[in-house]
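Keep the structure open beside you as you read the points below.

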Amino acid sequence: MSHASEFFANVLEISRSLDANIIEKMADELVAVRQRGGRLFLLGVGGGAGNCSHAVNDFRKLCGIEAYSPIDNVSELTARANDEGWDTIFTGWLEVSRLSGNDAILVLSVGGGDSKRKVSTNIVKAIDLAKERGARVLGIVGRDSGHAARRGDVVIVVPMVDPGRVTPLAEAFQAVIWHCLVSHPALQIRATKW
């Protein structure tokens, strides 16, 4: 079997394995954030960071949710990393944004953060801050063992169907799932052009 055939067989298997009920539950959470006038803060690094930037656009434009991502301000992000350390790039930003119990964070990450392994510790600290402040913690991740999956309120775990492709499949399905959400009839308030 060719690489492309195997890859798309994985895509098909994940599509069939995703729990539609948890996606519906996340849609409900996002509707609730909008109804209470809360904000949605999207957090991710690497590929997840790129996904955050695109998703912010969709949640704002299509769903009318006030959404932001600290990764969209490279000057502040790198100043915080340089002056205070990589671990606090998100918490410092969320503190200035006055993260509160009306708000939610949405983590787009492969592993979801792991302090012991020293991976995405900035996400770990942001989740902990959100919990302290009563904000909802949402996520789309590729591992059920990470901090996001363990501490989050509603976290969609992309099923692992091939250990060698966790990253590309998790990051690809972050986009598939958020596009499912922004086109959800309970969330979408503006039509797309195409």
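**Notes on the helices and the core**

1. The expected span is 1.5 Å times one less than the number of residues.

2. A word on the basis: this is a predicted model, in which local features need pLDDT of at least 70, side-chain atom pairs count only at pLDDT 80 or more, and totals for chains, interfaces and linings use all residues. Residues are numbered from 1 along each chain as its sequence is written, and side-chain values use heavy atoms, with hydrogens and water left out.

3. Which residues of helix 8 are buried? They are Val166, Leu169, Ala170, Phe173, Gln174, Ala175, Ile177, Trp178, Leu181 and Val182. Buried means under 20% relative accessible area, exposed over 50%, and partly exposed in between (1.4 Å probe, protein chains only). These buried residues pack against helix 1 (3-17), helix 2 (20-35), helix 3 (47-61), strand 3 (104-109), strand 4 (136-141) and strand 5 (154-157).

4. The largest nonpolar core has 57 residues, and Leu42, Phe59 and Ile105 touch the most other members. Helix 8 gives the most to this core, with 7 residues. Such a core is a set of buried Ala, Val, Leu, Ile, Met, Phe, Trp, Tyr and Cys residues joined through side-chain atoms within 4.5 Å. In soluble globular proteins, nonpolar side chains tend to be buried together.

5. Contact here means heavy atoms within 4.5 Å.

6. Now look at helix 3 beside helix 8. Their axes come within 10 Å and cross at roughly 10°, so the two helices are roughly parallel to each other. Axes are lines fitted to C-alpha atoms, for helices over the stretch in contact, with angles running from 0 to 180 degrees between N-to-C directions. Angles under 35 degrees count as roughly parallel, over 145 as roughly antiparallel, 65 to 115 as roughly perpendicular and the rest as oblique. Among the residues making the contact are Gly47, Asn51 and Phe59 of helix 3 and Glu171, Gln174 and Trp178 of helix 8.

7. Asn51, found in helix 3, counts as buried because its relative accessibility is 13%. Not counting residues up to four places away in sequence, Asn51 touches Leu108, Glu171, Gln174 and Trp178. Asn51 and Leu108 are 57 residues apart in sequence, yet 7.3 Å apart in space, C-alpha to C-alpha.

8. Helix 6 (residues 121-133) is another one to visit: at 1.5 Å a residue its 13 residues should span 18 Å, in agreement with end C-alpha atoms 18 Å apart. Its buried residues are Thr121, Asn122, Ile123, Val124, Ala126, Ile127, Leu129 and Ala130. Just after helix 6, Gly134 takes a positive phi of about 80°.

9. How do the axes of helix 5 and helix 6 cross, and at what angle? They come within 7 Å and cross at roughly 30°, so these helices are also roughly parallel to each other. Ile89, Phe90, Thr91, Leu94 and Glu95 in helix 5 meet Asn122, Ile123, Lys125, Ala126, Leu129 and Arg133 in helix 6.

10. Last stop: Ser97, in the loop between helix 5 (89-96) and strand 3. Ser97 counts as buried because its relative accessibility is 15%. Leaving aside neighbours within four places in sequence, Ser97 is in contact with Arg39 and Phe41.

Definitions and conventions: Helix = DSSP H or I, 4+ residues; strand = E, 2+ residues; numbered from the N terminus.
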